[in-house]
Amino acid sequence: MARLAVGGDTPTELLSQWTEERTALLDQCGSDRGNSIEVSIRLSIMSNSVKNCPGAIAFLSILAKLPAGSPLDHIPDICPSIQNWRKVIRVLKTIALNYESGEKAFINMLSPTRSYLMLHHPLEAALLQSLQLTYFRLASKGEAYPGRNDFLANQKEISRIEANMEAILFEALHSKLGDKDAAIAASIKYCWYLYWSQARAEMIQAAAQAAKDSISQLYAECLWHYGTVLLRLDQHDKAEMTLKQAKPEYDAIGNQIGAAQCLHMLGEILRLRNKYDEAEMMVKQAKPYFEAVGDSLGEGQCLRSLGCIFQMKDQYDEAEIVRQQAKSQFDSINHPRGVGQCLRSLGEILLAKNKYEEAEVTLKQAKSKADEIGDHIPAAHCLRILGDTFRMRGQYEEAETMIKQAKSHFDDIEDLLGITQCLYSLGEILLMKIQYDEAEAKIKQAKSQFGIMGNHLGAAQCLHCLGNILWKKKQHDQAELTLKQAMSEFHIIQSPLGAAKCMQNLGDILLDQSDPDQAQPLLEQAKDLLVTIGIPSDIAHCSASLGTALRLRGSNEAAVNELRGAREIFLSLDQTALVQKYDREIDLIPIL
C-alpha cells in the first residue's frame, strides 16, 4: 500500500479499496494467503498510477505472455502501439507489477502477477497477433548453421528468449486463430536452433501435427526435420518411420531435393544399424539428384556418408579417397562445418591405420574448425578421438583427461552416443592400466547403452573388450565364449577387422593354454583377413602370434619368417621396443 500511495492514491482511498476487495474475495473464495496476494495485485492494477498511465494494462498483458520476461531492446517491437513504454515500465516498477533482471537487460513480472493477468486481462487479439509476428521473425535467426558468420550471435540471441519463443509458438500452433502456416514455418526455423544446441523433438513434433492440414510443402518439411531430430536423438526406428512418411510427401509435390534428402538420411539410419550394403545403395540413389541440380552441399554430404560406410566396412583406402573428395566439395562452397567433419573422419582413418602423429595433427585441425564456428558436438567428438590417439600410444593419463573432458560435454547436452563412446574408451584405458574390475564395469555399462541405441558395432566392440578383460583375468573359458560371441556379431555386421581381431585373440588364448595346434589355423585365418584390410601394425601383431604358434609346434624356420615379417613392419613404424623384442626371440630359435 505504501508503493500505491506514491502513485497518488490517498491512504483513506487505499484502505477503502482494500476493505472492499478483501470482503468481496472472502465472500467468494474464503480466507487464505493466496487470496491476499490476489487482492494486492488487483489493487495495484486498479490504482491511479495504472489508470493515469496509458498503455499500462496492455503492456502488462503482453509481458504476461513472456515467461522469461522481455529484453528491453525488444520492447519497441513487441509493443509498437505503446509509445511511452519507458514511462510505463517506470510506473509499474514503483508499484511492484514488474521488475528488471539480468543486470537490467530484462523486464519481468512475478508468477502470481502473470497468472492473474492471464486470467483477468487476456491479451487482445490484435496485440497477440503483433507479438506472434515479432517472435516469428526472431525465429528465423534459428536458420543460421555452424560456419555461417551470424551463427554464434543468432544462437546467443535466441537463447535469451527460448522460454518465450516456445510459449508463443506452442500457443500459435494449437490456436484456431491467426496464421497457422506462419506459425509452422517459424517453428521449423526455431527447431534448427534447437538442433544445433540441444536437439529436442517436442516443438517439431507439434509443428508436424499442426501441419497435417496445412500445405504439403510445410508438412513434408516438418516430417523431414522431425526425422533428423529423432536420428540425432538415436531413436532410429521412429526416425526411419518419419522419414518414410516425408519422402512420398516430397514426391507428391515434385520436390526431388526433399525426396533425395530423405533417401540420404534413410541411408544414414541403415549405416548406423550396420546394414552397410543397403546404406551404400540408398546414399548412391540419393547422390545423383543433388548432382543434377548442382547442389554441392547435398553431394558433399552423400560423399561423406559413403566414406563413413567404407570406413565401417574396414575399407580404409576407399574411405580415405571418398572423404578427400567430400572435403574438396565442402571447400569449394566454403562450408567449414563439412570440411571439419571430413577432417575428423580422416583423422579416424589415420588412427585406424596406426598413423598416430598424422591422426593427431588432423584431429586437432578438425577440432579447431569446430571450435571456431561454435559446433560443440563435433568438437567434443574430436576431443574424444584425440584421447583414443593418446591411449593407443600408451599415454594413458593424457588420454583419460581428454576423454573425461569430452564426456563432460556430452553429459551437458545429453548426447547418449557420445557418452557411451567415452565410457568404452575409458574402459579400454582401465584395461591397459591393468585395472580389470573397473574396466569390466565401464565396458558393461557401455555395452548396455549401445544395446539400447541399437548400435550393434559398439556392442560387438564391447564384447571383444570384455573377452580380452576375461583373458587377462585368466578366465579362459569365459573369455573364449565371449570372443566367439563378439566374432559372430562382427561377421553379421560385416566388420572383418573386428572378426579378425577376435580370431587372433582366440588364438592367443590357446597359446596361453599351450595349445598351438588349435591356435595356428585361427591365427592364419586372422592374418589373411588383416592382410586384406591392410593395417600394418595389426598384421605385425598377428604374425608375431603366428610365429609363436609355429615355434611351439617345432616349425622353427616358418616361425622365424613370421617373426622377421613382424619385425620389419614394426621397424617401418618406428616401434623400436618391439623390433628389439622380436630380434631377441629370433636369436633364440635354433634353425638347422
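The buried positions of H21 are Tyr356, Ala359, Glu360, Thr362, Leu363, Ala366 and Ala370. Just after H21, Gly374 adopts a positive phi of about 75 degrees.

Glu360 lies in H21 and counts as buried because its relative accessibility is 13%, below the 20% cut-off. Not counting residues up to four places away in sequence, Glu360 touches Leu386, Thr389, Phe390 and Arg393. Leu563 is 203 residues from Glu360 along the chain, and the C-alpha atoms of the two are separated by 30 Å.

The confidence of the prediction should be kept in view. The mean pLDDT of the chain is 90, and 94% of the residues reach 70 or more. Among the elements of the chain, helix H27 (residues 476–492) has the highest mean pLDDT, at 96, whereas helix H1 (residues 2–6) has the lowest, at 47. Over residues 1–6 the pLDDT is below 50, and this stretch has 14 contacts in the model beyond near neighbours in sequence. The pLDDT also stays under 50 over residues 21–31, a segment with 17 contacts beyond four places in sequence.

Three strands form an open sheet in the order E1-E3-E2, with antiparallel pairing. Strand E1 (70–71) and strand E2 (99–101) are the edge strands, each pairing on one side only. E2 and strand E3 (residues 106–108) run antiparallel and are joined by three bridges. Within this pairing, Glu100 has Ile107 of E3 as its bridge partner.

The largest nonpolar core holds 80 residues, of which Phe59, Tyr135 and Tyr190 touch the most other members. Leaving aside neighbours within four places in sequence, Tyr190 is in contact with Ala139, Ile158, Glu162, Met165, Glu166, Leu169, Arg200 and Met203. Apart from this core lies another, of 68 residues, among them Ala260, Met487, Leu510 and Ile533.

Ile57 is partly exposed, because its relative accessible area is 28%, which falls between the 20% and 50% cut-offs. Beyond neighbours within four places in sequence, Ile57 is in contact with Ile45, Val50 and His121. Its C-alpha atom is separated by 27 Å from that of Lys180, 123 residues away along the chain.

Asn505 belongs to helix H28 (residues 496–512). At 10% relative accessibility, Asn505 counts as buried. Apart from neighbours within four places in sequence, its contacts are His464, Asn468, Trp471 and Leu483.

The cysteines can be considered together. The structure holds zero disulfides. Cys79 is in no disulfide, and the nearest cysteine sulfur, that of Cys53, is 12 Å away. With a relative accessibility of 2%, Cys79 counts as buried. For Cys308, the closest cysteine sulfur is in Cys342 at 8.5 Å, which is too far for a bond, since a disulfide requires sulfur atoms within 2.5 Å. Cys308 also counts as buried, at 12% relative accessibility.

Glu414 is not a glycine, although it has a positive phi of about 55 degrees. Glu414 is found in the loop between helix H23 (396–413) and helix H24 (416–432), and counts as exposed because its relative accessibility is 68%, over the 50% cut-off. Ser514, likewise a residue other than glycine, has a positive phi near 60 degrees. Ser514 is placed in the loop between H28 and helix H29 (516–533), where its relative accessibility of 62% makes it count as exposed.

Key: Residues are numbered from 1 along each chain as its sequence is written. This is a predicted model: local features need pLDDT of at least 70, side-chain atom pairs count only at pLDDT 80 or more; totals for chains, interfaces and linings use all residues. Side-chain values use heavy atoms; hydrogens and water are left out. pLDDT is the predictor's confidence in each residue, from 0 to 100. Helices (H or I, at least four residues) and strands (E, at least two) are DSSP runs, numbered from the N terminus. Contact means heavy atoms within 4.5 Å. Two strands pair if DSSP finds at least two bridges between them. Buried means under 20% relative accessible area, exposed over 50%, partly exposed in between (1.4 Å probe, protein chains only). A nonpolar core is a set of buried Ala, Val, Leu, Ile, Met, Phe, Trp, Tyr and Cys residues joined through side-chain atoms within 4.5 Å.
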